Number of protein chains: 2
Amino acid sequence: MKPTTLSQIAELLNISISTVSKALKDYPDVSKRTKLLVKETAATLNYKPNAFAVNLRTKESKTIGIIIPEVVHHFFSSVIKGIIAQAEKKGYLVIILQSNESYKLEKKQIELLLDKHIDGILISLANETADFQHLYEVMARETPLVMFDKIAKLVNCSKVIINDRNAAYEATKHLIDTGCKRIAHFRGPLLPQNSIDRFLGYKKALTDHNIPYDSSLIYFCNNMSFEEGVQNAKKLLDDHTDVDGVFINTDLVAVGAISEFNRQNIKIPEEISVVGFSNWFMSSVISPTLTTIDQPGYLMGKNAFKLLYKEIRQRKENNIIIFKQIELPTKLIKRSSTRDII
Amino acid sequence: MKPTTLSQIAELLNISISTVSKALKDYPDVSKRTKLLVKETAATLNYKPNAFAVNLRTKESKTIGIIIPEVVHHFFSSVIKGIIAQAEKKGYLVIILQSNESYKLEKKQIELLLDKHIDGILISLANETADFQHLYEVMARETPLVMFDKIAKLVNCSKVIINDRNAAYEATKHLIDTGCKRIAHFRGPLLPQNSIDRFLGYKKALTDHNIPYDSSLIYFCNNMSFEEGVQNAKKLLDDHTDVDGVFINTDLVAVGAISEFNRQNIKIPEEISVVGFSNWFMSSVISPTLTTIDQPGYLMGKNAFKLLYKEIRQRKENNIIIFKQIELPTKLIKRSSTRDII
């Protein structure tokens, strides 16, 4: 039996050969429906891509690249550790690039990695990134790509995420369950999906429990720094005398807020209860210890590499690529910055 | 005037051409005296290396590699930030590899970087590393190399360090100055120079102040972890009832020790005073805040890149390479884990 060709699939489905080719490579400009049709037909007819072209493409460097916004960061460095542990098991070396939350730098780093012929890319997006052309370029070059934590919903590739909205809902609900009636939120910057989702989870928990949403209780943290926690805590105390709880986008900012509350002798949790997000190591050693959402960084790193490795293998073996999204569970860690449930 | 050749220098000094070539490239198997002689003669005769060979060598990738033991580490991640900030100014991209304190992995990573034709390597050695053949290989390939923090004294290249011995002396002296008479030390692993130097600084401070050195007061931390701080604090309290001060190799371990002292209701600093090393961010937010030695990580990163960049330029311009060692100042940060000076 002669091997199946692209033109046979194209003829059968009455579409162009280039559309078939693009659909098999998961190009973003082909509809989901067409991709599904083409992939099913290709699988049924036992289609195998041209071996020579594939070999050219799959010359392995046994090296992958990670692009992350920050290295001096408890969560991201835990992710890196997970990636390295899993990559080493499979004999891969890991190149780490730090985007400093800059879109321009992230783009340059993608080009660098493609240029170095690495076998795959893992990325958590910079806060600034709103255009995804550089990621489409990765996919057009058939370089395996997996996004983690800060992802772009519009880019069709494998992803490892948590459910930020549900986790933020749980954090806010914990404040409500422990008796808080007027709850502020220190949120992250406007763009990244996780900062939007955490805000939406907070808002939904309030309305589900008949607490009116008040936009004057929302404070922005653009750098997610300790100093912003201090400053926002000061502003919060100046602006409002009735706030009895605050849900904060990330632990580092929460630790800043706690230090300011301590300085002003505001009793935590009696006068103000605080919940953070991410479970940084320092949250378990400060005073009072911080109630927070545990975000499984190490596990996220391991899973991100596993998905990438799977795609590397699939491309090498000329199999059809099917993208997968893994959602990892989070957990509320109750410590001393919130009261007991009433 | 005809250009000076290697053989003219060799003839003049009555040594072989290969020795001259090795001396100019700073190979480790040529004596310091010979290197100095050759370099002086070469400079006097205005010797320039063969341009073609040099061009082959200096094809730039505008990328450098860093190898560090740990990413999830306040000090090392600050160094990385400093390197990236300085590298970006000069248009260089930075590849980060984590050795996990493993000699085997570090060696493999050096090979990878050489293989990828990066323009230079910055390295802080793994605790396990006792053989330096892989670093000599870097130098033999004429790839610029700068070591920082955890260095090998035997490898002849540019270095950025602190004076660990003096800093540890100052830390221990502060305990003595504040009235401590029986001072323990939680030290790092056996091999790395900085853990040896901190131990020696501690020991010298004791003997200079007529406090007898007692080896039963030395506790080892092989992973430099929070948990080791907890365990060693427990052991210390079990073994000795008269200890009133402890100097600890690194802040993370010190934070572990403080949490155990707090748990057992040992008053800090009244019953036991604690001094750490490195000034991790969390040391300023725990309770009590930790007296420690500030180690300028960001500045170390900036200086390490500057030295590397200088060597990249020197090699490109066919200048003779002169290695430099920068020693950065440290500073005692007095906080609440030690008493006032008496």
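These legends walk through several close-up views of a predicted model. Local features are described where pLDDT is at least 70, side-chain atom pairs count only at pLDDT 80 or more, and totals for chains, interfaces and linings use all residues. Residues are numbered from 1 along each chain as its sequence is written, while chains are lettered from A and ligands numbered from 1 in the order in which they are written.

**View 1. Domain 1 of chain A meets domain 2 of chain A.** Where the two meet, nine residues of domain 1 of chain A are in contact with eight of domain 2 of chain A (contact: C-beta atoms, placed from the backbone, within 7 Å). On the domain 1 side, helix 3 (residues 32-44) of chain A provides the largest share, three residues. Helices (H or I, at least four residues) and strands (E, at least two) are DSSP runs, numbered from the N terminus. By class, that side has five nonpolar, no polar and four charged residues; here Ala, Val, Leu, Ile, Met, Phe, Trp, Tyr, Cys and Pro count as nonpolar, Asp, Glu, Lys and Arg as charged, and the others, Gly among them, as polar.

**View 2. Strand 5 of chain A pairs with strand 4 of chain A and with strand 11 of chain A.** Four of the five residues of strand 5 (residues 158-162) of chain A are buried, so this strand is largely enclosed by the rest of the structure. Buried means 20 or more other C-beta atoms within 10 Å of a residue's own, with C-beta atoms placed from the backbone. Strand 4 (residues 145-148) of chain A runs parallel to strand 5 of chain A and is joined to it by three bridges; look for Met147(A) partnered with Lys159(A). Four bridges, again in the parallel sense, link strand 5 of chain A to strand 11 (residues 325-328) of chain A, where Ile162(A) has Leu328(A) as its bridge partner. Strands count as paired if DSSP finds at least two bridges between them.

**View 3. Gly120(A) sits in strand 3 (residues 120-123) of chain A.** With 24 C-beta neighbours inside 10 Å, Gly120(A) counts as buried. Leaving out residues up to four places away in sequence, the contacts of Gly120(A) include Ile64(A), Thr143(A), Leu308(A) and Ile312(A).

**View 4. An open sheet of four parallel-paired strands in chain A has the order 7-6-8-9.** Its edge strands are strand 7 (218-220) and strand 9 (273-275) of chain A, each pairing on one side only. Neighbouring strands are turned by 20° against each other on average, direction ignored. Three bridges pair strand 8 (residues 245-248) of chain A with strand 9 of chain A, and Val246(A) stands opposite Val274(A). Helix 9 (residues 193-208) of chain A lies across strand 6 (183-187) and strand 8 of chain A, at about 170° to strand 6 of chain A. Axes are lines fitted to C-alpha atoms, for helices over the stretch in contact, and angles run from 0 to 180 degrees between N-to-C directions.

**View 5. Chain A meets chain B, with 22 residues of chain A in contact with 22 of chain B.** The chain A side has 13 nonpolar, seven polar and two charged residues.

Notes:
A residue is buried if 20 or more other C-beta atoms lie within 10 Å of its own, exposed if 12 or fewer, and partly exposed in between; C-beta atoms are placed from the backbone.
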